[in-house]
Amino acid sequence: MKSAVKSYTVKLKVPKYFNLGQTLNCGQCFRFSQKDEGKYCGVAFNKYFEFTIDNNLLIASSDSEISENDVTEFFDFDRDYDKINFDLSQDKTMAEAIKYAGGIRILRQPYWETLCSFILSQNNNIKRITGIIERLCQNFGDDIGNGHYSFPSVERIAALSLDDLAPIRSGFRAKYIIDAAQKVSNKEVDFDKIVAADTETARQMLMKIKGVGPKVADCVLLFGFHKLDAFPKDVWIKKALEEFYPDGVPEFFKEYGGIAQQYLFHYIRTKLN
């Protein structure tokens, strides 16, 4: 992949709890990859970014205009993870998970892109998910330069047929993303209402979409709508719950259950297996 022409650069001090690789590789986003040691490249908010860490600074470069606020918002740098991790560390298992994976931050991602991406993630692995999303963007997104493409709009996907989507090779998931696009486009699933709703109500709203069950809904609520009490349960998290929390997770960390979930997910998937 051709490197961006670095016309715009932003530098931000790295918070205590932040690991660039863990954050971009933990399964919450699918459009970034490591190109060189320490350099991660990809598309967010329809802009191409290159991220590196140097002397405790996060350096964000792009061939599109970017601001400190863009980067701060994407990585959730304005949230006090020091306090969150201190509180979560009251639990012994969570304290160990934070030592290993406490650099993960929950990204702030576009609602539609997150919904579509996690519908495509069903019964899939990260490599294949990434390929499907890349083909989706190449076929139906806009060219933003240097071989990169925007994520296709709701309206674009809503107007497609199953035959139109055949080139992305998404299998049974194609009918689900068309249904999602149509329901979002006609406001049967209203993002503004989801933003305003409590997590349980928002989950039920998303589950109006064909193929969206509790796990996919919670991924969308956590990684897109930033409802930090959402707690997606995949096979790894179910394993962690059975092993470490057979009587249920402690009540005190449910407010930030989504952050705790990511620490547990990365810890049990890459450290303990």
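This report covers the cysteines, aromatic rings and paired strands of a predicted model.

## Basis

The model is predicted, and local features need pLDDT of at least 70, side-chain atom pairs count only at pLDDT 80 or more, and totals for chains, interfaces and linings use all residues. Residues are numbered from 1 along each chain as its sequence is written, and side-chain values use heavy atoms, with hydrogens and water left out.

## Cysteines

A disulfide is a covalent bond between the sulfur atoms of two cysteines. Here the term is applied to a pair of cysteine sulfur atoms within 2.5 Å. The structure has 0 disulfides.

For Cys26, the closest cysteine sulfur belongs to Cys29 and is 7.0 Å away, which is too far for a bond. For Cys219, the closest cysteine sulfur is that of Cys26, at 11 Å, again too far for a bond. Cys26 is buried, with a relative accessible area of 1%, and Cys219 is buried at 5%. Buried means under 20% relative accessible area, exposed means over 50%, and partly exposed lies in between, using a 1.4 Å probe and protein chains only.

## Aromatic rings

Rings of Phe, Tyr and Trp (its six-membered ring) are paired if their centres lie within 6.5 Å; planes under 30 degrees apart are stacked, those over 60 are edge-to-face, and the rest are tilted. The count by this rule is 19 aromatic pairs. One of them is the tilted pair of Tyr100 and Tyr267, with 6.1 Å from centre to centre and 55° between the planes. This pair links distant parts of the chain, 167 residues apart: Tyr100 is in helix α4 (residues 92-101) and Tyr267 is in helix α14 (residues 257-271). Tyr100 is partly exposed at 30% relative accessible area, whereas Tyr267 is buried at 11%.

One aromatic cluster is formed by Phe18, Phe32, Phe45, Phe49, Phe51, Phe74, Phe75 and Phe77.

## Paired strands

Helices (H or I, at least four residues) and strands (E, at least two) are DSSP runs numbered from the N terminus. Two strands pair if DSSP finds at least two bridges between them.

Strand β3 (residues 39-44) and strand β4 (residues 47-54) run antiparallel and are joined by 5 bridges. Val43 has Tyr48 in β4 as its bridge partner. The two strands form a hairpin with 2 residues between them, and Phe45 in the turn has a positive phi of about 55°. Phe45 is also a member of the aromatic cluster.

β4 is also joined by 5 bridges to strand β5 (residues 57-62), again antiparallel. Ile53 stands opposite Leu58 in β5. β4 and β5 form a hairpin with 2 residues between them, where Asn55 in the turn has a positive phi of about 50°.
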